[in-house]
Amino acid sequence: MPLDILVGAQWGDEGKGRMVDLLAAQADLVARYCGGDNAGHTVTVGEQTFKLHLIPSGVIHPHTVGILGSGMVINPAVLFSEIEALAQVGVEIHPERLQISYAAHLITPAHLALDRALEQQRGTDKIGTTLRGIGPAYTDKVARRGLRVGTMLNSQAFHQELRQHFEEANQLLTTMYSAPPLDIAPILEEYLEYARHMAPYIKDVSATLTKAIHDHQVVLAEGAQGTLLDLDHGTYPFVTSSSTTASGALNGLGLGVGCVGRVIGVTKSFQTRVGSGPFPTELDGPIAEHLRGTGENPWDEYGTTTGRPRRVGWLDLVLLRYAARVNGLTELVLTKMDVLSGLETLSLGIAYRLEDHVYEDLPLGPGALDAFQPVYEEIPGWQADIRDARSWDDLPDAACDYILRIEELMGIPVRMVSVGPEREQWVEIA
Ligand code: IMP
């Protein structure tokens, strides 16, 4: 079977976790390919709801094998606390159920301290990172001084590399950022202990996945963050430090380009982002409050990893078309349609204006958005509560028109629409 890739088509938090949950029920392997514990997927097992940041949420299905790919950065403390949390709800993770690429990189307390120090130094220009050490870990990778997971298999080499890593970080922290140094001895011990625990999980995941695809198993690549946070294709510099797009899945898992089947883009039916950076269709006032929710429910627009209120706005189809282009999306999944219920009129951002020019595409990519004003098309809203809708015919005409207009402006089909936070609250569109 070809590889299906599920990718966020906006700035992350599109509801990918729920879609993974649905698709993973049919999958043999679910693989994460980018980022680290900056991601946050809410998972429900029985009566319990909790958050996974690192382990692919698909592993809650007992028949699936989870993969952490070479494109990832892994904080072992988070990894083992998630394995423990899953065990408490009866989901046993062991090396038969989780494989970690030897080429993934490690996040250490030095990366966490540097992330904090860098953000403090940026002051009002801060990126608004999740402070999980993501940027500094990828910086070390690119500078070719990173700590690869595979080194954990050689305790002498790992000990040496770790010591050097912490000593260099301490020098940076104290001289560049006037931050306190780390106490190296206890964290060295802690990481050597992690190495012992992690060793049986460390594999060549590229080989595992290639064989699985060859053997007609169902393999799902689970994207984290979103297209507009991609290091190359996002709203640079307000991006994360990894390749979040569909092509990142191939590189971040060590797969050849010929293996791809569906590329499923998940988008909310409006727009949100956390952290700084441009957001042309951003709203404030009563409509923003309506879209954001009060924060009382786990599905309201407050960050899963940081708890920060998310910025909200109208769906931006210029950016969504861009996401379709850079990912090669074959289809769309539209989430949180129920949140639009009760609004008199909806707006879709269909183009941008700069002085006398109207642009239907991004002339200079998403990094240079500040100067543009969105051009909106207004569409009548609907008042009915749609949370009980399970088929196209259950949706009010105005909701159907909204979906059809998005399809028309995008040129790709909308396959699924979510109408509530529960597992069964989906409308599949034939
Ligand atoms: P970092 O990935 O922690 O370096 O953060 C860089 C930017 O990406 C910040 O604006 C974060 O808020 C954003 N970001 C990182 N991970 C996620 C995510 O999973 N969802 C939404 N935004 C994210």
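## Asp21 and its partner

Asp21 is buried, with a relative accessible area of 15%. In this predicted model, Asp21 forms a salt bridge with Arg423, and the closest N and O atoms of the two are 2.7 Å apart. The pair connects distant parts of the chain: Asp21 belongs to helix H1 (residues 16–24), Arg423 to the loop between strand E19 (414–418) and strand E20 (426–428), and 402 residues separate them. Arg423 is partly exposed, its relative accessible area being 45%.

## Other salt bridges

The structure holds 18 salt bridges. Lys211 and Asp215 form one of these, with 2.6 Å between the closest N and O atoms. Lys211 counts as exposed because its relative accessibility is 52%, over the 50% cut-off. Asp215 is partly exposed, at 37% relative accessible area.

A salt bridge also joins the side chains of Glu301 and Lys336, at 2.7 Å from N to O. This pair again links distant parts of the chain, 35 residues apart: Glu301 is in the loop between helix H9 (286–292) and strand E13 (311–313), whereas Lys336 is in the loop between strand E15 (331–335) and strand E16 (345–354). Glu301 counts as buried, with 0% relative accessibility. Lys336 counts as buried too, with 14%. Both residues take part in a network of salt bridges that also includes Asp13, Lys268 and Arg310.

## Ligand surroundings

There are 15 residues around the ligand, and those that come nearest are Asp13, Asn38, Thr130, Thr240 and Arg308. Asp13 is also a member of the salt-bridge network with Lys268, Glu301, Arg310 and Lys336.

In the side chain of Thr130, an N or O atom is 2.5 Å from an oxygen atom of the ligand. Gln225 places a polar side-chain atom 3.4 Å from a ligand nitrogen atom. From Val274 the contributing atom is a backbone N or O, which lies 3.4 Å from an oxygen atom of the ligand. The ligand taken alone exposes 470 Å², and the protein buries 96% of that.

Apart from neighbours within four places in sequence, the contacts of Asp230 are Val239, Ser242, Ser243, Thr244 and Thr245.

Helix H8 is mostly covered, with 6 of its 8 residues buried. The buried residues of H8 are Ala246, Gly248, Ala249, Leu250, Gly252 and Leu253. After H8 comes Gly254, which has a positive phi, near 75 degrees.

## Gly146

Is Gly146 buried or exposed? Gly146 counts as buried because its relative accessible area is 18%, under the 20% cut-off. Gly146 is found in the loop between helix H4 (134–142) and helix H5 (155–176).

Setting aside neighbours within four places in sequence, Gly146 is in contact with His105, Asp140, Lys141 and Glu161. Gly146 and Glu161 are 15 residues apart in sequence, and their C-alpha atoms are 8.9 Å apart in space.

Technical notes. Residues are numbered from 1 along each chain as its sequence is written. This is a predicted model: local features need pLDDT of at least 70, side-chain atom pairs count only at pLDDT 80 or more; totals for chains, interfaces and linings use all residues. Side-chain values use heavy atoms; hydrogens and water are left out. Contact means heavy atoms within 4.5 Å. Buried means under 20% relative accessible area, exposed over 50%, partly exposed in between (1.4 Å probe, protein chains only). Helices (H or I, at least four residues) and strands (E, at least two) are DSSP runs, numbered from the N terminus. A salt bridge is a side-chain nitrogen of Lys or Arg within 4 Å of a carboxyl oxygen of Asp or Glu. A residue is near a molecule or strand if one of its heavy atoms lies within 4 Å of it. A polar contact is a pair of N or O atoms within 3.5 Å; within protein, one must be able to donate a hydrogen and the other to accept it, and residues adjacent in sequence count only if both atoms are side-chain atoms. Accessible areas come from the Shrake-Rupley method with a 1.4 Å probe; for residues, only the protein chains shown count as cover.
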